[in-house]
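Welcome, and thanks for taking a look at this one with us. Please have the sequence and the model open side by side as you read the briefing below.

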Amino acid sequence: MNRNPERLESQTFDLLVCGGGIYGAWTAYDAVLRGLNVALIDQGDWGSATSSASSKLIHGGFRYLEQFEFGLVRKTLTEREMLMMVAPHRVWPLRFGVPVYANSRVGLLRLKLGLMAYDLLAVGQQASKRHRYFNRRQLSARFPFLKADTLKGGFTYADAQTDDARLVLELVQGAMNAGAVCVNYCKLTDLIETGQQATGAAVYDEPAGRTYTIQAKQIVNTTGPWIAADNRRPENCLLTRGIHMVMPQLGLEEALLLTARSDGRVFFMIPWYGLTLLGTTDTTYQGLLNRIDVDETEVDYLLNAVNDYLREPWTRSDIVGAFAGVRVLKHEATAGSAESPSSVSRDWVVRTASNGVHYSIGGKLTSARQDAAQIVDRVCEELNIDAPCATRNRKLPWSPQDSKEPVTSLDSFLRWSETMQALAAELKVDPESALWLIRRHGSKVSDILKDIEQRPDLAARIVPSLPLIQADLMHCAADEMVMHLDDLLRRRLPLLILAKLTETDLRRIGGNVATVLNWGESRVQEEIARCSGYGWKH
């Protein structure tokens, strides 16, 4: 993934996409596949804001049935099934458990009816993915760390998981492979207008320290929360913050959907890289956007909520890492209303301002591809181009291939995966690290294994407790447009939130990648200091 900002001035683009999160990445990827000449920029790293601060789920949004958002749920369930078929390395199955207690807000019968509706909305879903009921004894055996004194039973249902930052990166790589010019750390500073219509933009390239002028026939703003600060946006917006905490391992193989007894909000416990992801909160946000802090009150909220369920309660000392993100939602509240953030729709809308700039507002990680297709539809209409969506049922750029033919089914993917795991085992890569290597890199795994053949020491874990190996680190540093150490350790590999890295750890890692990234000692020190704002400090 080579960074070539000078190409931004060398041509007139059909489309300039501002914002390299999940919506910008899908938009650029779809547009370039339809034959448009596309540029994609982001003021920071790819997926560095909201798109790397999600719950890491590709899910139907079961909880939205309570708000009667049947259309949204059907839309996301359809997308979930499609993504699992075309990208099994990137989107993998994850079942959720839902325990019901004597004092639960939603009882067994009501929950049963909701899950029946959820299964019905997932048209084409395999029978094995339908919800299942478990009595008190069975559910307690399935989740032994949960309190069982007033447990009545519960259910499990099917959904899916991803690594959000890796998904964004893979789409950016796909867009570049198809001819798009993609540049991170390149900030939109001003729009260029001709006859009150946007015809280009001035952008500032941080690494080079210079400004480029881009000519573009159409411009799309997919900057997420930064849209709320744009006085040209044609839609009211609401910003809400959500935090997640990384907690110790509980032996989770399935996730849990739980309800906070203090206010009835839903939150999750999710297995992630061998640890437990706990979240999320949902509070109105009015602070700065360049650094979203983890709010202490929200930390207490999540700990109190989860400890109502745990046999052995967690404390602040158990927190391994934490992160926060801000969502932008379309907001239609009337004057004097007291609508809670959780009740605001997660559905998505595209609006076009008077100067012709298109704004993407709201949405979800799961449905971003469908929404981006509508954005590109509108762009094509403005350009008088007749080209249908190019991403539906299309395998992602890193979808695996076996030695004879493309991996075109889940069975063939499993066979390919078993082959890669066997090769990894021969090279002394432990099984858990091999699994995550496949999920993170898909078809690129073979290249990483070749690196280990040349240097067997690269099979070792970066941190003993985490399934991430040295070869993965070096591959990301060399090939994935890393500009700063936190790009590498927060989004390419999420080490900064999965482990309590010491300065010694950071110095060791920085020293390992310094040669690849052409960093001297002073630069390494600067990059270590840059990472100090991550992790959990209490």
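**Aromatic pairs and other local features**

With a relative accessible area of 2%, Y118 is buried (buried means under 20%, exposed over 50% and partly exposed in between, using a 1.4 Å probe and protein chains only). This is a predicted model, in which local features need pLDDT of at least 70 and side-chain atom pairs count only at pLDDT 80 or more, while totals for chains, interfaces and linings use all residues. Residues are numbered from 1 along each chain as its sequence is written, and side-chain values use heavy atoms, with hydrogens and water left out.

**Aromatic pairs**

- The count comes to 16 aromatic pairs, where rings of Phe, Tyr and Trp (its six-membered ring) pair if their centres lie within 6.5 Å, and planes under 30 degrees apart count as stacked, over 60 as edge-to-face and the rest as tilted.
- Y23 and W348 are a stacked pair, because their ring planes meet at 20° with the centres 6.5 Å apart.
- Y23 belongs to helix α1 (residues 22–33) and W348 to strand β17 (residues 348–352), so this pair ties together parts 325 residues apart in sequence; helices (H or I, at least four residues) and strands (E, at least two) are DSSP runs, numbered from the N terminus.
- Both partners are buried: Y23 has 9% relative accessibility, and W348 has a relative accessible area of 8%.
- F62 and Y118 form an edge-to-face pair, because their planes are at 70° and their ring centres 5.3 Å apart.
- That pair links distant parts of the chain, 56 residues apart: F62 is in the loop between β3 (57–58) and α2 (70–86), and Y118 is in helix α3.
- F62 is buried too, at 10% relative accessible area.
- Which residues do ring pairs link into a cluster? They are F62, F96, Y118, Y157 and F268.

**Charges over rings**

- R439 lies over the face of W436, 4.9 Å from the ring centre; a charge sits over a ring if NZ of Lys or CZ of Arg is within 6 Å of the ring centre and within 35 degrees of the ring normal.
- R490 has its charged end over the ring of F323, at 5.1 Å from the centre.

**A nonpolar surface patch**

- L109, L113 and M116 make a nonpolar surface patch of about 320 Å². Patches are made of residues with over 30% relative accessible area and no salt bridge, with like charges joined within 9 Å and nonpolar side chains (Val, Leu, Ile, Met, Phe, Trp, Tyr) within 5 Å.
- Areas come from the Shrake-Rupley method with a 1.4 Å probe, and for residues only the protein chains shown count as cover. A salt bridge is a side-chain nitrogen of Lys or Arg within 4 Å of a carboxyl oxygen of Asp or Glu.
- L113 is in helix α3 (residues 108–121) and counts as exposed, at 51% relative accessibility.

**Backbone points to check**

- Most residues other than glycine have a negative phi, and most peptide bonds are trans.
- The peptide bond from G279 to T280 is cis, with omega near 5°, and T280 is in the loop between β14 (275–279) and β15 (283–284).
- K56 has a positive phi, near 65°. K56 is in the loop between β2 (38–41) and β3 and is buried, at 0% relative accessible area.
- N393 also has a positive phi, near 60°, and lies in the loop between α7 (368–382) and α8 (410–426).
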